[in-house]
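User: I would like to learn how to read the features of a protein model with care. Could you take me through them one by one?

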Amino acid sequence: MTRGYRAIYARYRQNILAGVLKPGDKVPSIRVLAEELNVARKTVEAAYAVLVGEGYLISQGAKGTRVNPDLTLAAARPDVAPVSDDAGLNQFLDLRDGAGYLRLGIPALDAFPTKKWLLLAGKAVRSLRPTEMTNPPVMGYTPLRETIASYVNISRGLNCTADQVFITSGYRSNLMLILQALGVKSDKVVFEDPGYFFGQRLLKRFATSLHYVPVDRHGIDVDYLLRHHADARVAIVTPSHHSPLAVTLSLPRKHQLLEWAAANQSWIVEDDYDGEFHYTRKVLPALKSLDTQDRVIYMGTFSKTVMPAIRVSYIVMPRAAMARFRETGEILEAGVPVLTQKILAAFLGEGHFYKHLKKMRTLYARRRKMLLDALHIVYPGLFEVELSDGGMHIVAFLRTSTRDAELASIWQSHHLQVSALSGWYCLRDKRYGLVMSYTNIVSTEQAVALISGPRAQTLALLT
């Protein structure tokens, strides 16, 4: 590339006009840019002089050189994002990434112990050793794996060691690592219906023989699985609170599912995404805790218990498949940043995580009641809610209508990030309603005010 002053001038002018460099942005000093481009300082001086002369840059002496803050440019044409053919995916992406209320999957951000987290973060930074500044361990930071093993053994009834824990960067990493390690791309995989929306979309792309098993009020219908898909190699389920219906898989069906996996040498992937949140004295153990044949691959996450931005999840590997997971992980996984893992390990190891969970269970039970009371006040008799023993969201079923997609669109126009239940189904038989979270509701009055916004349009649509 020509590095004469004209080329430097043209490059800066182009970036300013395109909006890459904005009014007020600082540009490198003449010395720094000359060293970076390996040219004489006079070459950069000449380019900057022309740009200053034309009004694109201003020199502020010791403060450096900046793009002229008074420069007025025509608005750049925004880049048009490619439109996906999957309209449903686009809608769910908007809900996931947009701002609004009743948003799914977001814990109570106002109740997070931020000060404690910052103290632990500072301590982790100060104690960072040179050996921890290289590539992160693919399987995960050992102290975090140890604290996770201790936690799931005590709180979720598992019986595993730290060697079985694999730290990943989220749900997608979990699922991709499992599918690749088990080598099931062309084998039959079954997924619950309705089921986690992004899980559906990922599996449609990476599992060539994907089938669905309906979920009813007692959880995934294992009789249906045995009748239609007994030859499946993998079943992916959320038995603690089936997503999104939030029902719990009954104990007889849990045993039935485990017996099927053992008899057929199949695998069960248990996604325990919010099993920590239960509001009764009856604590239901994880499906993995009943697994005597080691056929369950357990997945957990800290996105719902700590914060989504942390991007830390984990897998408890079956002992028979640990070598395959390690080999596959070396190829697929880059490892989670050690600093993040150190902070989280201290948060768990020092007992703060347990205190936080206890606080959240009480808080979520209260906030769920706030939203339920608000629905009863604003829409008496319009919705039906089937309460589970826990979770982070509710489904407000429509009593008489099937127009939940239109209704969800109305609520979304009022900045309520609810979703239509029917959009989570793949099979023909569906139920209809709105899926909404209550975790960030702060009062019944607030909930009433929020859901009153679309009241007139809601009643016009449904009555």
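Predicted model: local features only at pLDDT ≥ 70, side-chain atom pairs only at ≥ 80, totals over all residues.

User: How many helices and strands does the protein have?

Analyst: Helices (H or I, at least four residues) and strands (E, at least two) are DSSP runs, numbered from the N terminus. By that reading the protein has 16 helices and 15 strands, and its C-alpha atoms fill a box of roughly 80 × 60 × 45 Å along the principal axes.

User: What share of the residues is buried, and what share of the contacts joins residues at least 24 apart?

Analyst: A residue is buried under 20% relative accessible area, exposed over 50% and partly exposed in between, with a 1.4 Å probe and protein chains only; of the 463 residues in the protein, 51% are buried. Contact means heavy atoms within 4.5 Å, and among contacts between residues at least 6 apart in sequence, 73% join residues at least 24 apart.

User: Where does Thr 305 lie, and is it buried or exposed?

Analyst: Thr 305 sits in the loop between strand E10 (296-301) and strand E11 (313-316), and with a relative accessible area of 0% it is buried. Leaving aside neighbours within four places in sequence, Thr 305 is in contact with Glu 276, Phe 277, Phe 353, His 356 and Leu 357.

User: How many disulfides are found?

Analyst: A disulfide is a pair of cysteine sulfur atoms within 2.5 Å, and a search of the whole structure finds 0 of them. As for individual cysteines, Cys 160 is buried at a relative accessible area of 8%, whereas Cys 426 is partly exposed at 29%.

User: How should I read the salt bridges, and how many are there?

Analyst: Side chains of opposite charge can pair when their charged atoms come close. The criterion for a salt bridge is a side-chain nitrogen of Lys or Arg within 4 Å of a carboxyl oxygen of Asp or Glu, and the whole structure holds 15 of them. One of them joins Arg 31 to Glu 35, with the closest N and O atoms 3.5 Å apart; both residues lie in helix H2 (residues 30-37), 4 residues apart, about one turn of the helix. Arg 31 is partly exposed at 44% relative accessibility, while Glu 35 is exposed at 55%.

User: Which parts does the salt bridge between Asp 187 and Arg 233 tie together?

Analyst: The closest N and O atoms of Asp 187 and Arg 233 are 2.8 Å apart. Asp 187 is in the loop between helix H7 (171-182) and strand E5 (188-193), and Arg 233 is in the loop between helix H9 (222-228) and strand E8 (234-237), so the pair ties together parts that are 46 residues apart in sequence. Asp 187 is partly exposed at 26% relative accessibility, and Arg 233 is partly exposed at 24%.

User: What can be said of Arg 431 and Glu 386?

Analyst: Arg 431 forms a salt bridge with Glu 386, their closest N and O atoms being 2.7 Å apart. Arg 431 lies in the loop between strand E14 (419-420) and strand E15 (433-437), and Glu 386 in the loop between strand E12 (383-385) and strand E13 (393-398), so this pair ties together parts 45 residues apart in sequence. Elsewhere, salt bridges that share partners join Arg 129, Glu 132 and Lys 342 into one network.

Definitions and conventions. Residues numbered from 1 in each chain as written. Heavy atoms only, no water.
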